[in-house]
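Biologist: Hey, I'm new to this one. Can you put it up and walk me through it?

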Amino acid sequence: MRRANQAGIALIMAVLITAVISIVVISMVTRQQVEVRRTTNVVDRDQALLFTQGAEAWAKRILHEDKTKNNIDHLYEDWAIKLPPIDVEGGQVSGALYEQNGCFNINNLLDANGVANLEQVA
């Protein structure tokens with residue numbers, strides 16, 4: 001009788017060990033998937049930052065060239081032409097410069113003390 005009881009305990013122990021190993025393996029695989037996704041996100045973020053810096057460098061170059069060519073700005077100059085979409089890995093990059101001189105700056109409605117600037121309101 002005693003051997004039959006031990007055989008049952010051995011079977012239960014084998015099932016428990018298998019369950020624990022399965023849980024550990026599933027946990028490791030899940031953790032690895034999270035780390036792979038995190039790494040992908042970091043790479044994508046860095047790539048987007050580089051594309052943004054490239055677009056900013058393009059804008060600086062266009063504006064510098066415009067400044068050296070003439071002192072008059074109009075919407076038919078090179079800086080006002082929208083950058084056509086450029087295919088890159090995972091998407092497209094495009095850009096445009098917009099003249100903001102004719103826009104109203106709402107920051108001028110109040111002075112530094114929070115008092116209404118009547119010259120700007122009128």
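Modeller: One term before we start: buried means under 20% relative accessible area, exposed over 50%, and partly exposed in between, with a 1.4 Å probe and protein chains only. By that cut-off Lys-69 counts as exposed, because its relative accessibility is 60%.

Biologist: OK, and where does the model come from?

Modeller: It's a predicted model, where local features need pLDDT of at least 70, side-chain atom pairs count only at pLDDT 80 or more, and totals for chains, interfaces and linings use all residues. Residues are numbered from 1 along each chain as its sequence is written, and side-chain values use heavy atoms, with hydrogens and water left out.

Biologist: What's the mean pLDDT of the protein chain?

Modeller: The mean is 87, and 93% of the residues reach 70 or more. pLDDT is the predictor's confidence in each residue, from 0 to 100.

Biologist: Which element has the lowest mean pLDDT, and which the highest?

Modeller: Helix 2 (residues 118-121) has the lowest at 68, while helix 1 (residues 2-69) has the highest at 91. Helices here are DSSP runs of H or I, at least four residues, numbered from the N terminus.

Biologist: Back to Lys-69. Which residue does Lys-69 form a salt bridge with?

Modeller: Asp-78, with the closest N and O atoms 3.6 Å apart. A salt bridge is a side-chain nitrogen of Lys or Arg within 4 Å of a carboxyl oxygen of Asp or Glu. Asp-78 is partly exposed, because its relative accessible area is 43%.

Biologist: How many salt bridges does the structure hold?

Modeller: Five. Among them is Arg-38 with Glu-35, at 2.9 Å between the closest N and O atoms. Both lie in helix 1, three residues apart, about one turn of the helix.

Biologist: Why does Arg-38 count as partly exposed?

Modeller: Because its relative accessibility is 48%. Glu-35 counts as partly exposed too, at 38%.

Biologist: New topic: which residues make up the largest nonpolar core?

Modeller: Six of them: Trp-58, Ala-59, Ile-62, Trp-79, Leu-83 and Leu-97. Helix 1 gives the largest share of this core, three residues. A nonpolar core is a set of buried Ala, Val, Leu, Ile, Met, Phe, Trp, Tyr and Cys residues joined through side-chain atoms within 4.5 Å.

Biologist: And what does Ile-62 touch?

Modeller: Leaving out residues up to four places away in sequence, Ile-62 touches Asp-78, Trp-79 and Leu-97. Contact means heavy atoms within 4.5 Å. So Asp-78, the salt-bridge partner of Lys-69, also touches Ile-62.

Terms used
Helices (H or I, at least four residues) and strands (E, at least two) are DSSP runs, numbered from the N terminus.
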